[in-house]
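Here is a walk through a structure, from the contact between its chains to the build of one of them. Keep the view open as you read.

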Amino acid sequence: MFLKVIQLGWKNVWRNPMRSAVVIIAVLLGTWAGIFLSGFFAGMAQGYLNNQFKLTVGHIEIVHPQFKDLYSPEYYIPNSDDVIRELSQLSYVQNISTESVTTGLAQSAHSNYGVTMHGIHADSNNAIADYIKEGTMPGQSDKRNPVLIGQKLAERLDIEIGSRMVLSFQDKNGEITGGAFRVAGIFDSFSDPYDEGNVFIGLENMNELLGLTNQVHNIQLELADFSQASQYASQLQNEYPNLQIQTWGKIAPELQYMYDMTDLMMYIVMVIIIIALIFSIINTMLMAVLERTRELGMLRAVGMNKPRVFSMIVSETLFLTMVGAPVGMLLSWITISYFGNVGIDLSAFSAGLSAYGFGTVIYPSLPNIYYLNITLMIAAAALLSALYPAWKSLQLNPVEAIRKFN
Amino acid sequence: MAVIETTGLTKVYNADQVPVHALRGVDLTIEKGEFTAVVGPSGSGKTTLLNIISGLDEPTEGRTIVQGTDLSTLSDRQLIDFRLHHIGFVFQAYNLIPVLTAIENVAFVMQMQGRPQKECNETSRALLEEVGLADKINKRPSELSGGQQQRVAVARALSSKPDFVLADEPTANLDSVSSGELLDMMLELNEKEDMTFVFSTHDQRVIDRARRVVTLVDGKIDKDELRE
């Protein structure tokens with residue numbers, strides 16, 4: 001009999017096709033918008049994380065234990081070649097990048113600015129190469145003492161490709177040193193502050209000025225799965241007790257916070273949309289119940305018991321929701337997959353986005369588990385929406401319900 | 001054998017505020033196969049009496065015994081089940097389910113009783129033929145006239161194989177031709193099937209054809225006449 005009651009519920013949904021269609025479309029659009037927005041935010045956050053991983057922080061960073069305190073050149077990684085060779089054998093390490101790092105002053109004929117200097121291998125496959133706007137990497141230039149600088153710094157110092165500039169900093173003994181460099185390339189990354197505050201020169205040039213030989217200050221590991229960084233960092237710390245091994249989350253807690261918050265944000269967006277949908281569905285179902293007072297009274301009078309009446313109203317609500325939700329989910333999956341490949345170009349807002357370190361092309365993405373969770377959330381919302389109208393239908397007194405409209 | 005027996009039925013609405021006495025000690029016995037009209041002016045207590053007989057309402061005092069069962073001893077759930085299996089209802093406004101066809105409306109009560117689908121279909125079809133709607137079985141209520149809808153309602157009332165059919169003003173929304181046809185049909189069922197009908201009405205043409213007329217005035221039985 002319950003099957004018959006549910007069949008009746010389905011037919012009741014189409015009693016007022018226009019009203020049901022409006023609710024179904026609202027559920028469809030709400031589901032689509034909620035999931036797509038979540039995918040958009042997730043893609044934006046993931047893009048931000050990827051950008052940061054590319055340029056500013058590795059999944060795991062290995063430095064001398066005192067290096068991070070003062071960025072003093074004397075705290076390099078001893079036997080860094082051996083360490084790098086051993087790390088390259090690890091299966092979970094996808095890529096290793098190394099650099100000498102120090103801070104100092106960049107000067108041109110017009111201005112000066114405090115910068116972080118990165119000494120990179122000539123043959124290094126450094127991620128900054130992806131952002132070169134003009135010129136070449138230091139290692140590929142035929143100029144003497146080539147330097148790669150950011151667009152913003154070039155504007156600040158009022159220099160261009162081929163211009164001379166001076167970099168001054170302390171060597172490993174604390175003495176002031178420096179050298180004249182020629183701009184070989186200009187990069188334009190996703191972040192204005194980064195472009196303004198970082199310069200790249202050859203590792204040999206850098207080490208020569210610092211008084212080092214072949215050492216580096218920083219080894220960055222790119223993992224196959226960055227979320228496993230803590231586990232691998234602990235293992236590495238045991239193997240290299242004299243080095244400081246930190247995860248991206250420890251080095252940049254704001255990134256960890258963003259990563260943790262992304263999931264929460266996605267669910268908050270979805271919950272807000274679902275709450276709006278719940279009220280819309282309750283409103284519609286209440287109208288459906290109240291306009292059928294006499295009919296429901298008749299059903300109770302002729303012998304339809306409360307569980308069956310309750311089931312009928314609940315099934316109507318579930319149908320209303322469950323017709324729109326899967327279509328909305330399919331639509332959102334299609335749009336997220338499509339834009340996940342081609343990206344959403346927000347270059348019109350590039351100034352604002354790059355000021356905060358976001359890329360101008362967003363690639364929406366959403367883990368599959370999220371679709372399952374959304375399904376469960378919508379099912380729960382549908383059930384919640386059904387309860388009040390169904391309860392209301394049970395409160396009808398058959399005698400009054402029938403008499404009221406006779 | 002008495003199908004319905006009421007003893008000292010009293011119903012007072014708003015007992016705590018301004019009491020309205022709808023029934024004042026009604027004693028009534030309906031035998032099997034009777035075709036009884038309950039008549040009286042508006043507010044005389046006709047509908048209240050039918051509601052109490054059907055277990056839809058409770059008396060303030062008194063007892064209702066239907067087929068030997070004292071309705072006051074039944075729980076809400078048992079009352080619903082009792083109505084489902086023992087009483088057929090015909091309402092003034094037909095009250096068919098608009099999204100179901102005529103045959104589905106008739107079958108619905110049987111389905112609630114848990115009878116097999118095949119039996120539901122066959123019985124519904126036979127009942128609709130009996131009430132003269134063989135060619136309308138797949139029509140929805142909106143495609144039927146008022147008289148035809150009320151015939152479907154009668155078929156639905158009979159589908160549960162009830163002990164009796166209660167009809168509250170069954171002809172009130174019908175024109176004279178449809179009223180006459182409905183009454184003919186109910187009388188025929190009464191005679192052929194020995195089905196007991198109890199109905200409230202204002203319609204003099206219906207009253208004229210009833211075999212027993214119980215007149216209520218101010219919640220009391222004023223007259224109870226049997227006709228041949």
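Chain B and chain A bury about 2,200 Å² between them, with 66% of that area on carbon and sulfur atoms. Buried area here is the accessible area (1.4 Å probe) that two parts lose on being put together, summed over both. B:Ile80, B:Val99 and B:Met112 supply 25% of what chain B buries against chain A, more than any other three residues. The contact (heavy atoms within 4.5 Å) takes 22 residues from chain A and 23 residues from chain B.

This is a predicted model: local features need pLDDT of at least 70, side-chain atom pairs count only at pLDDT 80 or more, and totals for chains, interfaces and linings use all residues. Residues are numbered from 1 along each chain as its sequence is written, chains are lettered from A and ligands numbered from 1 in the order in which they are written, and side-chain values use heavy atoms, leaving out hydrogens and water.

Now turn to chain A. Its secondary structure comes to 15 helices and 12 strands, counted as DSSP runs (H or I, at least four residues; E, at least two) numbered from the N terminus. The radius of gyration of chain A, taken over C-alpha atoms, is 31 Å, well over the 22 Å that the globule rule gives for 406 residues, so chain A is more spread out than a compact globule. That rule is 2.2 Å times the number of residues to the power 0.38. The C-alpha trace of chain A spans about 100 × 45 × 30 Å along its principal axes.
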